[in-house]
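Please keep the sequence and the model in view while going through the numbered points.

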Amino acid sequence: MHAVVRKFSGTGAKELFDLLEAKKGDIETLLRKVKGFTGYTLMRTGDGGLSVTVCKDKAGTDESVVVARDWVKKNASGIGVAPPTLSEGSVILHLK
């Protein structure tokens, strides 16, 4: 398995997470279509938030990054949020 963490902070990050929360059903539908999708977590932080996507392989997480980027561009371009910081790697332990 492979995971990617997208961390949003700074200008517009809190507003983006308000929008993501309001549209969480749409986000779920979109991400469940990613090939090899295993899990997703969306979490608020003090300065914005982060998402964690787990897929069966790197190809799935790469696809999820594109899907997320396109969604933000289409639905939140007016917010002015900076691109996220990405961290990714092989999953050592994944509990459900």
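**Notes on the surface patch and the salt bridges**

1. L95 is found in the segment that follows strand 4. The model is a predicted one. L95 counts as exposed because its relative accessibility is 68%, and the cut-off for that class is over 50%. Together with I92 and L93, L95 makes up a nonpolar patch on the surface. The accessible area of these three residues together is about 440 Å².

2. How many salt bridges does a search of the whole structure find? The search finds 7 salt bridges. The points below take up several of them, with attention to where the partners lie in the chain.

3. One of the salt bridges joins the side chains of D47 and K7, with an N to O distance of 3.5 Å. This pair links distant parts of the chain, 40 residues apart. K7 belongs to strand 1 (residues 2-9), while D47 sits in the loop between strand 2 (37-45) and strand 3 (48-55). Is D47 buried or exposed, or does it fall in between? D47 is partly exposed, its relative accessible area being 37%. K7 is also placed in the partly exposed class, at 32% relative accessibility.

4. A second pair is formed by K58 and E88, whose closest N and O atoms are 3.4 Å apart. K58 has a relative accessible area of 38% and is partly exposed. E88, at 46% relative accessibility, counts as partly exposed.

5. The salt bridge between R32 and E28 has an N to O distance of 2.9 Å. Where do these two residues lie? Both are in helix 2 (residues 24-32), 4 residues apart, which is about one turn of the helix. R32 has a relative accessible area of 54%, so it is classed as exposed, given that exposed means over 50%. E28, at 43% relative accessibility, is partly exposed.

6. Salt bridges can also be linked to one another. Which residues form such a network here? D18, E21 and R44 are linked in a network of salt bridges. The reader may wish to locate these three residues in the model alongside the pairs described above.

Notes: Residues numbered from 1 in each chain as written. Predicted model: local features only at pLDDT ≥ 70, side-chain atom pairs only at ≥ 80, totals over all residues. Heavy atoms only, no water. Salt bridge = Lys/Arg side-chain N within 4 Å of Asp/Glu carboxyl O. Buried < 20%, exposed > 50% of the residue type's maximum accessible area, 1.4 Å probe, protein only. Patch = residues over 30% accessible without salt bridge, like charges linked within 9 Å, V, L, I, M, F, W, Y side chains within 5 Å. Areas by Shrake-Rupley, 256 points an atom, 1.4 Å probe, with all protein chains shown as cover.
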